[in-house]
Amino acid sequence: MSLAGPIMMDHDDGDDEAHLLAQLQQLHAQLQELRSGSRAGGTVQGNVLSPAPADMDEPMILVTAKKLEFSLPSTLPVTVLEAPAAISSSTRLNPFCTNCLWPLFHSIPSHFTDTLLHPGFTAYYQDYVALNQQLLETTASAISGISSNGDEVPNVVVFDYELMLLPNLLRRRFPDVSICFFLCIPFPSSEFFNMLPMRQELLRGVLGADLVSFNHFEYVTHFLSACTHVLGLETTPSRFTYEGRLVSLSICPLGVHPGDFDTTSDEAAARIEGLGRKLKGGKGLARRDGKGKKRVIISVDKLDACSGIPEKLMAFQTLLERYPEHGQRTTFYLVLDASPHPGSSRLDRQLNELVGTLNGKFGSADYCPVRYIRRPLSKEQLVALYAIADVALVTSLREGINLRAMEFVMCQQYSQEGVLIYSEFAGCASSLKGAIVVNPHHTDKVAQAIHNALKMTGTTKKVFHHQLLQYATAYTSGAWANRLVSELVRAAESARECNRAVHLELGDIKSFYERSSQRLFVLDYEGVLAPFAAVKELLRVDGEVRDALTDLAADPKNRVYISSSRSRRDLESWFGDVPELGLIAENGFWIRPAGRNASIADVHASPQPTPLSGANGVNLLAQTLSSDSDNSGGGVGLNLMESAETKEEPLNLMERLQELAELPAPAEKRRNSSGGSLTPPGVMMPPLRAGLSPPRVLRSASPVPTITRRNGGRGGAAAAGGGGDGGGGGDGGGIDDNANLNGGAHGVLQTDGGVGSAAGVHGAGFVSPRTDMELASGASLSPGTPTEHDSDEHGGAPRWLCFGHPNLDLSWMKRVTAMLREAAESTPGALIEAGESCVSWHFRDTDPDFGLMRAKQLQLHFDEVLTAAPVRTQLLLRRKCLFVYPATVNRSRMFNRLLRETHGDRSFDCIFIASTIPAAEDQYFDAARGAHSFTCTVGKGVSRAQYYVEDNLEMLKTLQALGALSEMLKEAANVAPEH
């Protein structure tokens, strides 16, 4: 039989009994091993013992505003810094703590609302602030006293919700002290926490700690959700950054000290036996198997709204009504172990009425069903009562963790026959496998659980007790302190290992800038020059940003590149009118070299197609002109031929470009020189190199759009330029147009609209047609006007270079886009952006939790279904975007090529990189390490960068200052020869 949950038996069964005994022996052996390991803080995960952590060798100061409900082993180097009596009393009576935070954190908004509407609510909060200030001074005195003695500054643990502002106050006073904040009570879900008017102040106070710890994982998720919704932080389940620091999260369940609950000494045994005889009658515990044995149910609670005391009494009433055999022999001991909670007078009256009703209905002259003890018992009395109890009833409606349950388990080592009934809404319920977990609101089920516990066999009880004892022994108060300090030390070390960037000052880079002769700037657009946005229309370039970049790029010593994951069409629309700027689109898939006459050598590291030169070029053009092209409108459709041997090949880069690179342009700018009909927008072709054959592609579903040529005429010609010195002539190979062979270093494939049409191919270089971005930027298309992109006298450099392999498989894009579109339809606020080589799924405008969850689900799904595809997925938390792109495309490859670029014989001697994307930082910053390199990020956060600026405005001012410095250096250089 399974021991994962409570198995109830009304009689002993031979096979079950033997199985239980075997399980009991196994658990007993594990328990003995656990006891030896728990002295060093050993832990249990499930049924597997984990290695015990090392003994605590780091001193700790535990700061609390109230008396602790547990004790710590005296052998641990822990100093408990409790608040003075006056402060402790004011804490207990502070309305902000008792009537605001406590009910709200326990998900009881009605109590909080009453306090919020109170005229003195602001004064209540000011008292709370004053309380934290008082504890700050107390803690500061303790830390200063230890430091003055030359001892190591201890780790500081701030305990519970009364001191949520203290971690940040300590951080300001002692920046280098390791601080942990432990919350003993539950952390509420975001819809409850967001009701607090001072929610930001409380969160910022907690985030002054290096480590934030909770009793249960559920509370961690709630805390992360609050940080996301209230402060807009980008979080992960284990850590996140806040104000340049790494804040770690942990789960460290609190426990009790086993030494406080001794049941093995002769004195304790005599006390337990005496109480057993008094409450059970006859021979006390020796008569536990008699027919007329009496049963004891115990519940030790605080008088507050979350203890679920009325629900317990109602469940006990149901038990006596439904199972009358328990009457006259089962007594419920209800013990209040602390003074009443402020504002509990109404609950007190309700309990008195319920107890009176139960005793009046089921009691008799010699039987009292409910013993209501309204005063705290001594520890000895409580241990004896725990030891003889048959059932412990812990039915909290909401609680961080119930230490009374752990006390019951420790005391049950005397008899090992008590059963724990535990609320599913109390902390760590899922870890207590030996308990009967119930919903306290379902009183019928609670009554059924009590009945099953009273009828359970002795062997089953022992097995369940050993399961509970495993947990209680592993998670003691000493182990809690040990783990907490260990986690804090690791968190502090991790924070120190992360590079904390230094604020960038102009003086840091000025001297390098003045002495350098060749400088490289690579700046991310989103996050560095403009705030993040999901909708690209919100990313329009500010005039000051454009002017600063223009001034910086005007210096002939500077090469300035703007990098983005957006399409080259977007970058052209933003920066196309600044020809000196270099543009990097789709994370390095496309690049427009910086400088009017700039070029980058060796763009393709992989094999390239052959140039379209000589007769081969004419024949290839003849093959690519489809016989079914529509010439009636004056335009010629250029189609790539479909061959039998390429029918089954996947969609490749060239065909993808033909499908996606279309952009509508103003009608008057797309008419041919003769005023003919409109031609479709242009297509960017990948670059070509000499010596290789062109890639084979599938037939497009629709005719490939033609490209308007500026210097074309009514009649077209197919021109192919030979590599180097030029070419000769050849005939059209069955084409009506003539073929002219013109030489050129870098060619442009262009076709003319009109009555006739032609394609010109120039030289062994890059094939780059008149692009749709040029149309969008308003370039003149009047015939006969030469441009730098199609005229050799201007250098012949292509406007955009492709760093993707021409035969790159992009067949996955259609499938990925469909899946992302479907996900966007079911995620309000999500947007899809498809480029020529990548697809982005933006969730910035969605619900933060839901959007992030869907993005992670999509990432995992793509990792599974696209295993064989040459694709990579990247989740950018700061940008709030899921990016899917070819695996062979990365910024590192592109950036390394930029570093190899030279001006004549001199390489870059001053490099400035600014990025906010972690993956880009890894690729950029690692390649840019050196005394002459400056790596920068925006915002004070954990980063691999050397420097940071506060925001986009400060980055703008930095670039403006460098541009002004260039102008000053230029003027100084002009003045020097005159002297």
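**View 1. Antiparallel pairing of β8 and β9 in the predicted model**. β8 and β9 run antiparallel and are joined by four bridges. Two residues lie between the strands of this hairpin, and E243 takes a positive phi near 50°. Within the pair, R239 stands opposite S248 of β9.

**View 2. Strand β9 and its pairing with β7**. The pairing of β7 with β9 is parallel, over four bridges. Here L211 stands opposite S248 in β9. Strand β9 is largely enclosed by the rest of the structure, because six of its seven residues are buried.

**View 3. The open sheet of seven strands**. The strand order is β4-β3-β5-β6-β7-β9-β8, and the pairing is mixed. β4 (78-82) and β8 (239-242) are the edge strands, each pairing on one side only. From one strand to the next, the twist averages 25°.

**View 4. The β4 edge of the sheet**. Strand β3 (residues 60-64) pairs with β4 in the parallel sense, over five bridges. T64 stands opposite E82 in β4.

**View 5. Helix α17 packed on the sheet**. Helix α17 spans residues 477-497 and touches β3, β5 (155-159), β6 (179-183), β7 (211-214), β8 and β9 (245-251). The direction of α17 makes about 120° with that of β5.

**View 6. D390 and its contact with K280**. D390 is located in the loop between α13 (379-388) and β13 (391-394). D390 counts as buried because its relative accessibility is 4%, under the 20% cut-off. Its side chain makes a polar contact with the side chain of K280, at 2.8 Å.

Technical notes:
Residues are numbered from 1 along each chain as its sequence is written. This is a predicted model: local features need pLDDT of at least 70, side-chain atom pairs count only at pLDDT 80 or more; totals for chains, interfaces and linings use all residues. Side-chain values use heavy atoms; hydrogens and water are left out. Two strands pair if DSSP finds at least two bridges between them. Axes are lines fitted to C-alpha atoms, for helices over the stretch in contact, and angles run from 0 to 180 degrees between N-to-C directions. Contact means heavy atoms within 4.5 Å. Buried means under 20% relative accessible area, exposed over 50%, partly exposed in between (1.4 Å probe, protein chains only). A polar contact is a pair of N or O atoms within 3.5 Å; within protein, one must be able to donate a hydrogen and the other to accept it, and residues adjacent in sequence count only if both atoms are side-chain atoms.
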